[in-house]
Amino acid sequence: MQAREIHDAGGVDSAYAWMRLGLSMLLATIGGAGMWSVIVVLPAVEREFGVDRADASLPYTATMVGFALGNLLIGRFVDRFGVTGPLAIASLALGSGFLLASQAGSIWVFTALQGALIGFGSAATFGPLLADVSHWFDKRRGLAMAATASGNYLAGAIWPLVLQAAMAEHGWRGAYVLAGTVCLAVLVPLAFLLRRPPPHMARKGAPVPKAPPPPKRSTSLSPGMLQFLLIIAGLGCCVAMSMPQVHIVAYCVDLGYGVARGAEMLSLMLAGGIVSRLASGVLADRIGGLPTLLIGAVLQCLALLLYIPYDGLASLYLVSLIFGLSQGGIVSSYAIVVREYLPAREAGRRVGAVITATIVGMAIGGWMSGWIYDLTASYQAAFLNGIAWNLLNIAMIVLILLKSGRPRGTAVTA
């Protein structure tokens, strides 16, 4: 009875933990506007500022750079101070970035604001939130982290529709004012609802009980080497992942199917990604994050192979769905592996470093696929390049598995 009361009081796996998970998903969905908004407004920005396609692509690149750095740096502050302060400050940066960008007078000012404020601020609602949520779950940690990560894909499904409707009435500047206002009005107050410190940070006598940490999986690798191998794996998987995600629209145009069909395939891919993330979280709770990560990596490689022989319209819809269902859970699985093998007190910076590697992989892979296309006038070689990076990803995961053991039977102080 006493254990039940402690559970319900607000510790690990408690009702409060599930409420906190719901808030985290909402934060991730709203904060994800920082990643997807620039894609929606870019054609209008290009026309207004009269720049070429290369210069018009810089705001997206800056956004990804800011997002990567934000995941890396904000995670360190979350480890020291908890999530509320860093999240509130980052949300202020995100909302202010949208409002300031709506007044930008040149593509260069717009680009700087996208990277320094919007991309960086949006990062707080991804990796740092994953690290924070991981402290509140034991039995369903994989599912909780995957659900939080799904907020980013939900943002990709919701925000483009909202912003397109706003642009039709008020132009891209009005759409950015709307996004900034929503972020400031919603994200900052929600951040203060997460003020309760996680169990491993609670002081003696604090109202939050300190639950014993779950069994920690063992490995003969040092923490630094484990993180290094995860970074290489994350880089490889996301160079591969970026080929369809970044270029599916252009690929459809190249095949004569048009932009609309490519956009539909991207939406189908993201929808499959949400299902994949949730399913991978459930699977990770049963078999562990590392085997789940390996399954996702192998399935992604097989899905990439399907793009080479099948380029018919119906086939591409089906393959894009298969690709989304195979790869959606990979990124969240990295965060789960970090929490299974490394101390809780280092979760923010460790998760941030690995997530940063995946974002860098997306950025490099998106550029590399376009470069290969320019050299070969075909995306076939780009798909083969993605498969090669995917094989590197699989090799790193297998190496970690070979160096790892079963969960230890005794609790390890985090």
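This is a predicted model: local features need pLDDT of at least 70, side-chain atom pairs count only at pLDDT 80 or more; totals for chains, interfaces and linings use all residues.

Colleague: Where does Leu221 sit, and how far is Ile400 from Leu221 in sequence and in space?

Modeller: Leu221 is in the loop between β1 (215-219) and α9 (223-255). Ile400 is 179 residues away from Leu221 in sequence, yet their C-alpha atoms are 7.9 Å apart.

Colleague: Why is Leu221 called buried?

Modeller: Its relative accessible area is 15%, and buried means under 20%, so Leu221 gets that label.

Colleague: What about Ser122, buried or exposed?

Modeller: Buried, because its relative accessibility is 1% and the cut-off is 20%. Ser122 belongs to helix α6 (residues 107-123). Beyond its close sequence neighbours, Ser122 contacts Gly31, Gly32, Gly34, Met35, Phe67, Leu94 and Leu117.

Colleague: On to the nonpolar core. Which residues touch the most other members of the largest one?

Modeller: Phe110, Trp172 and Tyr176, out of 117 residues in that core. Helix α8 (residues 141-191) supplies the largest share, 18 residues. Phe110 touches both Trp172 and Tyr176, and its other contacts include Val38, Phe49 and Pro59, leaving out residues up to four places away.

Colleague: What makes Arg20 and Asp132 a salt bridge?

Modeller: Their closest N and O atoms are 3.1 Å apart, and the rule asks for a distance within 4 Å, so the pair qualifies. It joins distant parts of the chain, with Arg20 in helix α2 (residues 15-31) and Asp132 in helix α7 (residues 127-134), 112 residues apart.

Colleague: Are those two partners buried or exposed?

Modeller: Arg20 is at 1% relative accessibility, so it counts as buried. Asp132 is at 3%, so the label is buried there too.

Colleague: And how do you know that Arg261 and Glu264 form a salt bridge?

Modeller: The closest N and O atoms are 2.8 Å apart, which puts the pair inside the 4 Å limit. Both residues lie in helix α10, three residues apart, about one turn of the helix. Arg261 has 29% relative accessibility and is therefore partly exposed, and Glu264, at 35%, is partly exposed as well.

Colleague: Why does Arg349 with Glu346 still count at 3.7 Å?

Modeller: Because 3.7 Å between the closest N and O atoms is still within 4 Å. Glu346, Arg349 and Arg350 are linked in a network of salt bridges. Glu346 is buried at 15%, whereas Arg349 is partly exposed at 29%. The count for the model comes to five salt bridges.

Colleague: Last one: which residues make the nonpolar surface patch?

Modeller: Ile287, Ile295, Val298, Leu299, Leu302 and Leu305, covering about 450 Å². Helix α11 (residues 289-307) gives the most, five residues, while Ile287 lies in helix α10 (residues 259-287).

Terms used:
Residues are numbered from 1 along each chain as its sequence is written. Side-chain values use heavy atoms; hydrogens and water are left out. A nonpolar core is a set of buried Ala, Val, Leu, Ile, Met, Phe, Trp, Tyr and Cys residues joined through side-chain atoms within 4.5 Å. Buried means under 20% relative accessible area, exposed over 50%, partly exposed in between (1.4 Å probe, protein chains only). Helices (H or I, at least four residues) and strands (E, at least two) are DSSP runs, numbered from the N terminus. Contact means heavy atoms within 4.5 Å. Patches are made of residues with over 30% relative accessible area and no salt bridge: like charges are joined within 9 Å, nonpolar side chains (Val, Leu, Ile, Met, Phe, Trp, Tyr) within 5 Å. Accessible areas come from the Shrake-Rupley method with a 1.4 Å probe; for residues, only the protein chains shown count as cover. A salt bridge is a side-chain nitrogen of Lys or Arg within 4 Å of a carboxyl oxygen of Asp or Glu.
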